[in-house]
Amino acid sequence: MSDGPTYGFDTLQIHAGARPDPATGARQTPIYQTTAYVFRDADHAAALFNLQEVGYIYSRLTNPTVAVLQERIATLEGGAGAVCCSSGHAAQIMALFPLMAPGKNVVVSTRLYGGTITQMSQTIKRFGWSATFVDTDDLDAVKAAINDGTRAVFCESIANPGGYISDIPALAKIADEAGLPLIVDNTSATPYLCRPIELGATLVVHSTTKYLTGNGTVTGGAIVDSGRFDWSASDKFPSLSAPEPAYHGLKFHETFGPLAFTFHGIAVGLRDLGMTMNPQAAHYTLLGIETLSLRMQRHVENAEKLAKWLEQDDRIEQVTYAGLASSPYAERAKTICPKGAGALFTCALKGGYDACVKFVNALEIFSHVANLGDTRSLVIHSASTTHRQLSPEQQEAAGASPNVVRLSIGIEDADDLIADLDQALAQAHG
Ligand SMILES: *Cc1c(COP(=O)(O)O)cnc(C)c1O
C-alpha cells in the first residue's frame with residue numbers, strides 16, 4: 001500500500017504492509033512459522049548474501065510476518081523503514097548499536113522508563129558506551145552535555161511514568177545543530193497520539209509489548225528510521241558511512257540511502273546481535289495494531305476522567321497527568337500529542353509509602369503488575385518495584401517517589417474504575 005493514495009491512520013493501521021497471501025489468498029497475514037527459505041538457485045543465494053537482492057534467507061534476519069509488521073509500524077510513524085526485535089530494550093540497544101563505539105556517549109533524559117535508566121546508566125558501560133543524564137527541559141543543559149564523543153540524544157515523547165512531555169522540536173533542533181540524531185521512545189504515546197518524526201526526530205523506538213500489541217500478550221520492540229539523517233555528513237557514524245568489511249566493503253549509506261539504518265539493523269544488527277522478533281509475536285502485534293486508534297481514544301478518555309476524579313479527592317496529594325489543565329505540560333501536550341496525553345499517570349497519595357502499599361493491595365479491577373499499555377487497568381508502586389534499583393534522587397527525578405503509584409488506565413467502564421479507586425482509597429486510609 002505504499003505507492004497508492006495517502007490513506008488515513010485508521011486505514012493504515014489495518015492495511016499498511018499487508019496484502020492477501022500470494023499462495024493462498026489468505027486475507028489475514030499468515031504466521032510464517034519457518035526458520036529458513038529455499039533459494040531459487042545458487043546465484044539467487046549469492047545475490048541475497050551480498051545484499052544485491054532483497055529476500056528471505058533465515059528468520060534471524062527476516063521473516064515475512066515480521067516484515068509486514070515492520071512496514072506497518074514504519075508507515076504509522078511516517079518513517080522510511082523499521083526493524084522489529086525481541087523487546088523494547090532490545091530496540092534501544094539496536095538503535096544505539098550502529099551509532100556508538102567504545103568511549104562514545106549518548107545524552108539522555110532523566111525522565112525515562114525505570115528499566116531504561118538502568119540500561120543506560122549501568123549496562124551499556126559493558127560495551128564501553130556511556131550515558132550523560134540531563135533534565136531535557138533545560139535546553140542549555142542539553143547543549144552543554146553534548147561533546148565530541150556524543151553520538152545521539154535520547155528521550156521519551158510522553159515520559160514514563162511522570163506525565164512529562166518532551167519538547168521534541170526543541171531537542172531535535174539542538175541535536176541537528178550538533179550533527180546528531182535524536183532518538184525518541186514513543187512507547188507511551190504510540191504513533192496515534194504523537195508523531196516524533198514529523199516533530200524532527202531521526203529515530204523512533206518502541207516497546208511493542210505495550211499499546212501497539214495492546215493486551216499484554218507478547219514482548220517486542222521496533223526501531224523506525226525517518227530516513228532523513230545524513231550519516232555521511234561527518235566521520236561520526238562509520239558503521240553507516242564507511243566500508244563494511246563483512247559485506248565486501250559495502251557502504252550502507254551510499255548504497256541504501258534513506259534505508260541505510262534499516263538495512264544495517266537487519267544485515268548487521270539482527271545478524272550479529274540476534275535480538276530477533278519471532279513470527280508469533282509479530283502476529284499478535286499485527287492483531288493489536290488493527291484497533292490501535294480505537295483503543296487509544298478510549299484509553300485517553302478514561303485517563304482524563306479518572307485523573308480529574310482523583311485530583312479533586314482529598315485523600316490524594318497530587319496527580320501528574322499532562323491531560324489535566326493543572327499540569328505544567330498541558331500547553332506542550334497540545335502540540336506534541338494533540339489527540340491526548342496518553343493513559344499513564346502517577347498519583348501521590350496522602351499517607352506515603354504505607355498508604356500506597358495498602359491501596360495497591362485493595363484494588364480489585366486494577367492489577368498490580370510491572371506492565372503498562374494493556375486493555376486492563378494496571379497499577380504499580382514504582383518505588384518498591386520497577387524503580388527499586390534507582391537511588392532516591394533518580395526515583396524522584398523519574399517521578400517515582402515512595403508516596404507515588406503509577407496507573408495505566410485501561411479501556412473498561414470508567415465508572416467501574418472510579419468505584420474501584422474509591423474503595424481502595426477508603427481501605428488505604430481506613
Ligand atoms: C516497557 C518499556 C520499555 C522496555 O520495553 P520491553 O518490551 O519491556 O523491553 C522501554 N520504554 C518504555 C517507555 C517502556 O514502557
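Biologist: Is the crossing of H4 and H5 left-handed or right-handed?

Modeller: The crossing of H4 and H5 is right-handed. A crossing is called right-handed if the near helix is turned clockwise from the far one by less than a right angle, and left-handed if anticlockwise. This is a predicted model, where local features need pLDDT of at least 70 and side-chain atom pairs count only at pLDDT 80 or more, while totals for chains, interfaces and linings use all residues. Residues are numbered from 1 along each chain as its sequence is written, and side-chain values use heavy atoms, with hydrogens and water left out.

Biologist: At roughly what angle do the axes of H4 and H5 cross?

Modeller: Two packed helices are described by the angle between their axes and the distance between the axes. Axes are lines fitted to C-alpha atoms, for helices over the stretch in contact, with angles from 0 to 180 degrees between N-to-C directions. Helices are DSSP runs (H or I, at least four residues), numbered from the N terminus. For H4 (residues 88-96) and H5 (residues 114-121), the axes come within 11 Å and cross at roughly 40 degrees. H4 and H5 are therefore oblique to each other; under 35 degrees counts as roughly parallel, over 145 as roughly antiparallel, 65 to 115 as roughly perpendicular, and the rest as oblique.

Biologist: Which residues make the contact?

Modeller: Contact means heavy atoms within 4.5 Å. H4 gives His-89, Gln-92, Ile-93 and Leu-96, and H5 gives Gly-115, Thr-116, Gln-119 and Met-120. By class there are 3 nonpolar, 5 polar and no charged residues. Ala, Val, Leu, Ile, Met, Phe, Trp, Tyr, Cys and Pro count as nonpolar, Asp, Glu, Lys and Arg as charged, and the others, Gly among them, as polar.

Biologist: How do the axes of H3 and H12 cross?

Modeller: The axes of H3 (residues 64-77) and H12 (residues 279-289) come within 8 Å and cross at roughly 40 degrees. H3 passes H12 in a left-handed crossing. Among the residues in contact are Leu-69 and Arg-72 of H3 and His-283 and Leu-286 of H12. The residues of this contact divide into 9 nonpolar, 3 polar and 1 charged.

Biologist: Which residues come nearest to the ligand?

Modeller: A residue is near a molecule if one of its heavy atoms lies within 4 Å of it. Of the 15 residues around the ligand, Gly-88, Asp-185, Ser-207, Thr-209 and Lys-210 come nearest. A polar contact is a pair of N or O atoms within 3.5 Å. A backbone N or O atom of Gly-88 is 2.8 Å from a ligand oxygen atom, and a polar backbone atom of His-89 is 2.9 Å from a ligand oxygen atom. For Lys-210, a side-chain N or O atom lies 2.7 Å from an oxygen atom of the ligand.

Note on methods
Helix = DSSP H or I, 4+ residues; strand = E, 2+ residues; numbered from the N terminus. Polar contact = N/O pair within 3.5 Å; in protein donor to acceptor, adjacent residues only side chain to side chain.
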